[in-house]
Amino acid sequence: MTARRARPVPLGPRSIAALALVSAVGVTAFGWPFLAPPTSQISAHAQDAPWLFAGLLVLLVAVVAATISESGLGPKAVAMLGVLAATGAALRPLGAGTAGLEPMFFLMVLSGRVLGPGFGFVLGSVTMFASALLTGGVGPWMPFQMLAMGWFTMGAGLLPGAGRLRGRGELVLLAVYGFLAAFAYGTVMTLAGWPFMGTLASNIAFDPDAAVPANLARFIAYCVATSLGWDLGRALVTVALTVTLGPVILRALRRATRRAAFEAPVTFDAPAG
């Protein structure tokens, strides 16, 4: 009997297309201050944008989840998704409001690594949705958080060497990714709210009449002034937990993946001769 190895959940063509679609809409939702020219009338509806994008993004995330569920995931896989999402949601409040100490991020990195980009995207989105319900953080920002966390977890599933890299090398790879992705998550979430903070930070706020380079400089200054410390705390906690708890949790996730039969059935080699 050939030995089984835990492999990422495969993605079909429809799942890839749905992920590409929701990501394209997400890039537009986050980056519209830089995508729209100064003469565009989109800024006239800036206050409506969070709600409009919220409704659209929730629908697209639902489409992605439904498409991935059609790729052969059984009830055990769905149960595992629920357990991981509930665990991540429970971890989030532990560091809420404390210098970015958010332990849920390391679990998303490890889960995305083992389960793959498609499962990871759905896990990240569902976890953020569940944590928003748990903490009362429901608002027009929630779909942006769901999408950003989906990208965060999906990225871990796209890292190289999923089938062969193990041990210290894998931990270093995941720790480096977690550090950089924690900053990326914080940056895109800051971008989601930055265009609507003009009355609070006029000198570094979004200026609809300014060119892209000028607004980019304003945005960088805004990140340094507001979110850099929080993002650094998140990144350091993610690295520390990945290095210390990573080996145990990676083994547990891979063992659970094999037992949940995410992969092809076991095959027997034909006898020699």
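Trainee: Which residues touch the most other members of the largest nonpolar core?

Mentor: Keep in mind that this is a predicted model. The largest nonpolar core holds 50 residues, and helix 1, helix 3, helix 4, helix 5, helix 6, helix 7, helix 8 and helix 9 each supply at least two of its residues. Within this core, the residues that touch the most other members are Phe30, Leu84, Leu123, Met149, Phe152 and Tyr185.

Trainee: Leaving aside its neighbours within four places in sequence, with which residues is Tyr185 in contact?

Mentor: Tyr185 is one of the residues that touch the most other members of the core. Once its neighbours within four places in sequence are set aside, the contacts of Tyr185 are Phe105, Met128, Gln145, Ala148, Met149, Phe152 and Arg234.

Trainee: Is the aromatic pair of Phe30 and Trp151 stacked, tilted or edge-to-face?

Mentor: A search of the whole structure finds 7 aromatic pairs, and one of them joins Phe30 and Trp151, with 5.7 Å from centre to centre and 45 degrees between the planes.

Trainee: How many residues apart are Phe30 and Trp151, and is each of them buried or partly exposed?

Mentor: Phe30 lies in helix 1 and Trp151 in helix 6, 121 residues apart, and their pair links distant parts of the chain. Since buried means under 20% relative accessible area, Phe30 at 4% is buried, whereas Trp151 at 21% is partly exposed.

Trainee: Why does the pair of Phe105 and Phe152 count as edge-to-face?

Mentor: The ring centres of Phe105 and Phe152 are 5.1 Å apart, and the pair links helix 4 with helix 6 across 47 residues. Both residues are buried. Their planes stand at 85 degrees, and because angles over 60 belong to this class, the pair is edge-to-face.

Trainee: Are helix 6 and helix 7 roughly parallel or roughly antiparallel to each other?

Mentor: The axes of helix 6 and helix 7 are 10 Å apart, and the two pack at an angle of about 160 degrees. Among the residues making this contact are Met149 and Phe152 of helix 6 and Tyr177 and Tyr185 of helix 7. Because angles over 145 degrees count as roughly antiparallel, helix 6 and helix 7 are roughly antiparallel.

Conventions. Residues numbered from 1 in each chain as written. Predicted model: local features only at pLDDT ≥ 70, side-chain atom pairs only at ≥ 80, totals over all residues. Heavy atoms only, no water. Core = buried A, V, L, I, M, F, W, Y, C linked by side-chain atoms within 4.5 Å. Buried < 20%, exposed > 50% of the residue type's maximum accessible area, 1.4 Å probe, protein only. Helix = DSSP H or I, 4+ residues; strand = E, 2+ residues; numbered from the N terminus. Contact = heavy atoms within 4.5 Å. Phe/Tyr/Trp six-rings, centres within 6.5 Å; stacked < 30°, edge-to-face > 60°. Axes fitted to C-alpha atoms, helices over the stretch in contact; angles between N-to-C directions. Parallel < 35°, antiparallel > 145°, perpendicular 65-115°, else oblique.
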